Amino acid sequence: MKPIETLVAAHLDAWSSPAGPERARSIASVYATDVFVGEPQRALRGHDGVEQAIAGLQAQLPGTSIARSGPIQVAQDLATYPWTLGPADGPAQATGRDVLILRDDVITGLYVVIDTP
């Protein structure tokens, strides 16, 4: 079993990486093929859904990356942690929390909760 820190780091790296084959490989290794992505305004499914969510975020806030900003809390198959989103050398443009559902070393569900726009 992968350590949760490894899986969360790979998840966040995928969300901060540019479009292309490397991000596609990351998505395939981190998420279940039928992963559910629940965002405040929409719900997506599968690897294509993850790609759409990442592309949408990067189009809305270009030049930003997402980073964990606190500890990972785990209860059975659920993990959650706070994050910040912003440029590497500037203030956060948004903060929030991810809630992950895990199974067999992959993410089967991702819920994105945004604290600040």
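**Figure 1. How the chain folds back on itself.** Among contacts (heavy atoms within 4.5 Å) in the protein chain between residues at least 6 apart in sequence, 41% join residues at least 24 apart. This is a predicted model, where local features need pLDDT of at least 70 and side-chain atom pairs count only at pLDDT 80 or more, while totals for chains, interfaces and linings use all residues. Residues are numbered from 1 along each chain as its sequence is written, and side-chain values use heavy atoms, with hydrogens and water left out. The secondary structure comes to three helices and seven strands; these are DSSP runs numbered from the N terminus, with helices being H or I of at least four residues and strands E of at least two. Along the sequence they come in the order α-α-β-β-α-β-β-β-β-β. The radius of gyration, taken over C-alpha atoms, is 13 Å, close to the 13 Å that the globule rule gives for 117 residues, so the chain is as compact as a globular protein of that length. That rule is 2.2 Å times the number of residues to the power 0.38. Along the principal axes, the C-alpha atoms fill a box of roughly 35 × 30 × 25 Å.

**Figure 2. A look into the largest nonpolar core.** A nonpolar core here is a set of buried Ala, Val, Leu, Ile, Met, Phe, Trp, Tyr and Cys residues joined through side-chain atoms within 4.5 Å. Buried means under 20% relative accessible area, exposed over 50%, and partly exposed in between (1.4 Å probe, protein chains only). The largest core has 28 residues, and Trp-15, Tyr-31, Val-50, Leu-100 and Ile-107 touch the most other members. At least two core residues come from each of α1 (4-16), α2 (21-30), β1 (31-38), α3 (46-60), β5 (78-86), β6 (94-103) and β7 (106-116). Helix α1 gives the most, with six residues.

**Figure 3. Zooming in on Ile-107.** Set aside the neighbours within four places in sequence, and Ile-107 is still in contact with Leu-7, His-11, Val-30, Tyr-31, Ala-32, Val-35, Leu-100, Ile-101 and Leu-102. Ile-107 is also one of the core residues that touch the most other members.

**Figure 4. Strand β1 and its two partners.** Strands pair if DSSP finds at least two bridges between them. On one count, β1 and β7 run parallel and are joined by four bridges, with Phe-36 bridging to Gly-109 in β7. Strand β2 (residues 43-45) runs antiparallel to β1, with three bridges between them. Here Gly-38 has Ala-43 as its bridge partner in β2. A hairpin takes the chain from β1 to β2 through four residues.

**Figure 5. Three salt bridges up close.** The structure holds three salt bridges, each a side-chain nitrogen of Lys or Arg within 4 Å of a carboxyl oxygen of Asp or Glu. Glu-51 and Arg-23 meet at 2.4 Å, N to O. This pair links distant parts of the chain, with Glu-51 in helix α3 and Arg-23 in helix α2, 28 residues apart. Arg-23 counts as buried because its relative accessibility is 1%, whereas Glu-51, at 26%, is partly exposed. Arg-42 and Glu-39 meet at 2.8 Å, N to O, and Arg-42 is partly exposed at 35% relative accessibility. In the bridge between Asp-104 and Arg-103, the closest N and O atoms are 4.0 Å apart. Asp-104 is exposed at 68%, and Arg-103 partly exposed at 45%.
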